[in-house]
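Hello,

Here is the structure I promised to pass on. Please open it first, then read my notes below.

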Amino acid sequence: MKKRVKLSKRLTAVFTFVILTVMALSFVYPLIYMFLNSLKTKTEYFQNPFSLPGAFRLENYQIMFEKFNLLRNFLNTFFMAFVSITVIMALSVFASYAFSKLRFKGSGIVYIAVICTMFIPAQVTMIPMYYMFSKFNLVNTYTGVIISYIAAGLPGTILLLTANFKGIPGEVIEAARIDGAGYFGIIRHVVVPMGMPAIAINIVLSFVAQCNELFTPMILLQDTEKQTVIVALSALMSQTKGAGDPAFQMAGMLLAVIPPLIIYLIFQKYLTNGLTAGAIK
Amino acid sequence: MNVSKNIRRKVRPAARVARQNNLQGWLSVLPVLLVIAAVRGYPLLVGFQKSFTNWDGMTRSDFVGLQNYIRVLSDLEFWKLLSNNAIFMLFIPIQLVIGITVSVLFYEKTAGWKFFRSVFYLPQMISSVIVGYLFAVFFSFRGPINTILSSLGLEALTRDWLGQRASALMIIMVCLVWVNIGWQAMLGLGGLASVDPGIFEAAKIDGAGYFQRLFFITIPMLGRTIEYSCIMSVIWVLSGLFPYIFSMTKGGPGYDTTTIDYMVYLKSFGTSSEMGYASALAFILLLIIMLLTIGQMKLSNRANDWGE
């Protein structure tokens, strides 16, 4: 009797492991598929998309960088992400400190108003924003995209940082104040160091989100040499739809996936722990 | 003299602290407020005003009253878009069941759970556009899925998956579930981590079986998590599907897989530039999001009362 229970328990464990492995494969296989097929020629791809490539051919990548100039698009993406995330973090640290630690008059309602803007879809404000930007000559510029990234990124960052800064003990801040630290001193020596894990997670998440964003940069950037990787790639995919060369497209798609993926692999431990710990506040 | 001044500074009177906090607080949030007011708030107001005009993005912008709203609501297309959005929402229960099951497995530290946890979150790191194109490639007429089917002798099942409404809607839903399992599992794990493990021990001692514990402890404990992911997922289905639709079907065939947010794009920057009409549609979308979110919050508060 007992043996049978043990056996069925074992079987369930094996069964769950197999199911989870199959699911995991479905998440990893597309990456492998992209890699293997990016090394093929178009004819090779259409003969059998599952076969191993006949030779280690980097031609597709070469075209991506030389003719299609994808490196430029990568630099655009990183530049806009760097500037906007720097500004988002700087503004959010001050605002979140105020929301979490200075009980100023009206802070509750202002906080809710800021967070609510997170739920206004980009499509709702894009049309007027586009014409507002065109009045200031910001359409088709990095500045325009950076500004809209900042506005879109602020509420989420403030939400997470405020929740995190609430955990900083008031005594620590009071002690710093008695030691003579002013407003900026407290932020520099107490809030930023103690909130660093949350700030780091936020930087990583914002970077990934901006690398992967389509709608805003697609509407605002028309010149290929100003576009982000995702926008340039999706333009390429739309042009060649039907008559496209999947092998060539796979090379571009894999390249676009790599930066967020590397970031994820580096920060994976902090991210998963942070997400499970701070997902709900 | 100097000493007494120092002491006075250290023991700050409450009124002065409050005044100082007010000043510092408002100055700290002022830059954020200015940015959001200029880049989100002002366009929101302009968009609302323009939704009552026949604005074409150029010079024409005459007041036409409620005409845009009447046109949207009397258009048969709108109800198709709405039904597409409603159909896509069916992915939420599937995502919840699979995601919560996975998170329970992770919580029980099933073999290899740490590895699975990081792999399951991978789709969240890949751009939705790339995910969409991958699905489009896999399910294209000459794509891998059809190749497998015909090599298995199931040629009858091969089709242009994204070329017909029913199968296209299904593939997009599969894609949404695939993308979100990791997200849901992570949320579920977060919810479970906040449950006191003593409760499970007590239930075990009292003789509750595995499934009893699952249905009477674990799932009720995840009430808040389930609530949160329902609300977020509904908002996401209404406003976040743009990159998936754009990369997989472009809303087609016809408007068969077009969602409201994609239609706003088509009418403004896509196929035509009826900015007034698109603005009206965008505000109807915003209204739907607000109503559904508030409705869910009301409903879930009541549900929680029942639970207690």
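At what angle do helix 4 (residues 70-101) of chain A and helix 7 (residues 142-165) of chain A pack? The angle is about 35 degrees, and the two axes are 7 Å apart. The crossing of helix 4 and helix 7 of chain A is right-handed. The residues of this contact divide into 19 nonpolar, seven polar and one charged. Bear in mind that this is a predicted model.

Next, the two chains. In chain A, 66 residues are in contact with 72 residues of chain B. Helix 12 (residues 246-278) of chain A gives the most to the side of chain A that touches chain B, with twelve residues. By class, that side of chain A has 52 nonpolar, twelve polar and two charged residues.

Now the core. The largest nonpolar core has 148 residues. Five of them touch the most other members: A:Met253, B:Ile130, B:Cys175, B:Leu281 and B:Leu285. Helix 10 (residues 165-193) of chain B gives the most to this core, with 14 residues. Take B:Cys175. Not counting residues up to four places away in sequence, B:Cys175 touches B:Val131, B:Phe135 and B:Tyr244.

A:Leu39 is in the loop between helix 1 (2-38) and helix 2 (42-47) of chain A. Is A:Leu39 buried or exposed? A:Leu39 counts as buried, because it has 21 C-beta neighbours inside 10 Å and the cut-off is 20 or more. Leaving aside neighbours within four places in sequence, A:Leu39 is in contact with A:Pro53, A:Phe56 and A:Arg57. A:Leu39 and A:Met250 are 211 residues apart in sequence, yet their C-alpha atoms are 8.8 Å apart in space.

A:Met132 is in helix 6 (residues 122-135) of chain A. A:Met132 has 18 C-beta neighbours inside 10 Å, so it counts as partly exposed. A:Met132 and A:Val257 are 125 residues apart along the chain, and their C-alpha atoms are separated by 33 Å.

Last, helix 13 (residues 223-239) of chain B. This helix has 17 residues and should span 24 Å at 1.5 Å a residue. Its end C-alpha atoms are 24 Å apart, which agrees. Which residues of helix 13 of chain B are buried? They are B:Thr225, B:Ile226, B:Ser229, B:Ser233, B:Val237, B:Leu238 and B:Ser239. An α-helix has 3.6 residues a turn, so residues three or four places apart point the same way.

Best wishes

Notes:
Residues are numbered from 1 along each chain as its sequence is written. Chains are lettered from A and ligands numbered from 1 in the order in which they are written. This is a predicted model: local features need pLDDT of at least 70, side-chain atom pairs count only at pLDDT 80 or more; totals for chains, interfaces and linings use all residues. A nonpolar core is a set of buried Ala, Val, Leu, Ile, Met, Phe, Trp, Tyr and Cys residues joined through C-beta atoms within 7 Å. A residue is buried if 20 or more other C-beta atoms lie within 10 Å of its own, exposed if 12 or fewer, and partly exposed in between; C-beta atoms are placed from the backbone. Helices (H or I, at least four residues) and strands (E, at least two) are DSSP runs, numbered from the N terminus. Two residues are in contact if their C-beta atoms, placed from the backbone, lie within 7 Å. Ala, Val, Leu, Ile, Met, Phe, Trp, Tyr, Cys and Pro count as nonpolar, Asp, Glu, Lys and Arg as charged, and the others, Gly among them, as polar. The expected span of a helix is 1.5 Å times one less than its number of residues. Axes are lines fitted to C-alpha atoms, for helices over the stretch in contact, and angles run from 0 to 180 degrees between N-to-C directions. A crossing is left-handed if the near helix is turned anticlockwise from the far one by less than a right angle, and right-handed if clockwise.
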